[in-house]
Amino acid sequence: MKRRLLWKVVGIAALIVIVAIAGMLVYVVKFLPNIPVKDLKVEQTPSRIERGKYLAYHVTLCMDCHSVREWDKFSGPLKRGTDGRGGETFDQSLGFPGVFYSANITPHNLSSFTDGELYRVITSGVAKDGRPLFPVMPFPNYKYLSTEDVYSIIAFIRTLQPIAFSPPASKPDFPMNIIMHTMPEKADPKPLPTKSDTVAYGKYLVTASGCFDCHTRFEKGKYAMDKAFAGGREFNVPWGILRSPNITPDIETGIGKYTREVFVNRFKAYDIATYSPPIVNKTDFNTIMPWTMYGGMEKSDLESIYAYLKTITPVRNQVVKFTPLK
């Protein structure tokens, strides 16, 4: 009798837990993310368009993921005429929990978006219809962009040449399709530091450029914070395994021996205005580092990035940058 009563109590308790979990999942999927759309209209001034173009091509690198890159050339420069059309694939072979496609961000697709909806997409990762985006779209970084910089990006992408192209719908794996609903957060814009404050301005640029994301080891679904900026994140690519280098100021394994000039020149050597990327054979080393895009960054901005990186904690971490396919 007592045993029957015990099992009845256990069964009721289990049912309550199941109902509670189911209710929570329904809430997460149906009601999150709950981020309202700002009521705003961005004026497309020449200065905003110019600033937005600079950011999109050389700092935030919107054009990196939202265009086609020519992987038969060193560093995968942008393919002419594909600017903003989307369709780049990020799938399980690259370590992503699903198959994700970059969106078409030309006016062909965005003409129906309000500026408030674009602001929410960029800073919070919430699509026009309220769906959450996977953070291969780096909204966790963009949420800190100054309001004016986001307005500049919006103003610029409105000027892109429309391209009639519709990428497939992204398909996150379970349980990421549920977890994604909890990821978007409200924008937390930070003031744009003055360029004279090189360290603060460099930190702003490093955040906007996503340096931490690629140059920090990613293990078991999270970043190894004790190895921040120390490289070693692996990228499985068709020609082998790439590993990001250590960019902490460690003397032996990082950029500790780099002078400011050496650091800046490392980037400017790949400025697409003067550099012609060579053809790379499938068995040769190639990199996903978008040198030709970062190479177009202003010298003073690269100097600020250098100034900030020199202030972070040095981490000794020797990285083997490339393992070719056998």
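Reader: Buried, I gather, means under 20% relative accessible area, exposed over 50%, and partly exposed in between (1.4 Å probe, protein chains only). What percentage of the residues of the protein count as buried?

Author: Of the 326 residues, 46% count as buried. This is a predicted model, in which local features need pLDDT of at least 70 and side-chain atom pairs count only at pLDDT 80 or more, while totals for chains, interfaces and linings use all residues. Residues are numbered from 1 along each chain as its sequence is written, and side-chain values use heavy atoms, with hydrogens and water left out.

Reader: And what box do the C-alpha atoms fill?

Author: Taken along the principal axes, that box is roughly 85 × 50 × 40 Å.

Reader: How many helices and strands are there?

Author: The protein has 13 helices and eight strands. Both are DSSP runs numbered from the N terminus: helices are H or I with at least four residues, strands are E with at least two.

Reader: Which strands form the open sheet?

Author: The open sheet has three strands in the order β1-β2-β3, with antiparallel pairing. Two strands pair if DSSP finds at least two bridges between them. At the edges are β1 (89-90) and β3 (171-172), each of which pairs on one side only.

Reader: How many bridges are there between β2 and β3?

Author: There are two bridges between β3 and β2, the strand of residues 98-101. Opposite Val99 stands Lys171 in β3.

Reader: How do β6 and β7 run, parallel or antiparallel?

Author: β6 and β7 run antiparallel and are joined by four bridges. A hairpin of two residues connects β6 to β7. Glu234 has Arg243, in β7, as its bridge partner.

Reader: Which strand does β8 pair with?

Author: β8, residues 322-324, pairs with β7 in the antiparallel sense, over three bridges. Pro324 in β8 is the bridge partner of Gly240.

Reader: Changing topic: how many aromatic pairs are there in the whole structure?

Author: A search of the whole structure gives 18 aromatic pairs. One of them joins Trp71 to Trp239; that pair is tilted, at 5.9 Å centre to centre with 40° between the planes. Rings of Phe, Tyr and Trp (its six-membered ring) pair if their centres lie within 6.5 Å; planes under 30 degrees apart count as stacked, over 60 as edge-to-face and the rest as tilted.

Reader: Where in the chain are Trp71 and Trp239?

Author: The pair links distant parts of the chain, 168 residues apart. Trp71 is in the loop between α3 (62-65) and β1, whereas Trp239 is in the loop between β6 (234-237) and β7 (240-243).

Reader: Why does Trp239 count as buried?

Author: Trp239 counts as buried because its relative accessibility is 12%. Trp71, at 31% relative accessibility, counts as partly exposed.

Reader: And why is the pair of Phe263 and Phe267 tilted?

Author: The planes of Phe263 and Phe267 are at 55°, with the ring centres 5.2 Å apart, so the pair is tilted. Phe263 and Phe267 both belong to helix α11 (residues 260-268), where they are four residues apart, about one turn of the helix.

Reader: Does Phe263 count as buried or exposed?

Author: Phe263 counts as buried, at 6% relative accessibility. Phe267 also counts as buried, at 12% relative accessibility.

Reader: Which residues do ring pairs link into a cluster?

Author: The cluster consists of Phe74, Phe263, Phe267, Tyr270, Tyr275, Phe285, Trp291, Tyr306 and Phe322.

Reader: What sits over the ring of Phe285?

Author: The charged end of Lys321 does, 4.6 Å from the ring centre. A charge sits over a ring if NZ of Lys or CZ of Arg is within 6 Å of the ring centre and within 35 degrees of the ring normal. Lys128 likewise lies over the face of Phe113, at 5.4 Å from the ring centre.
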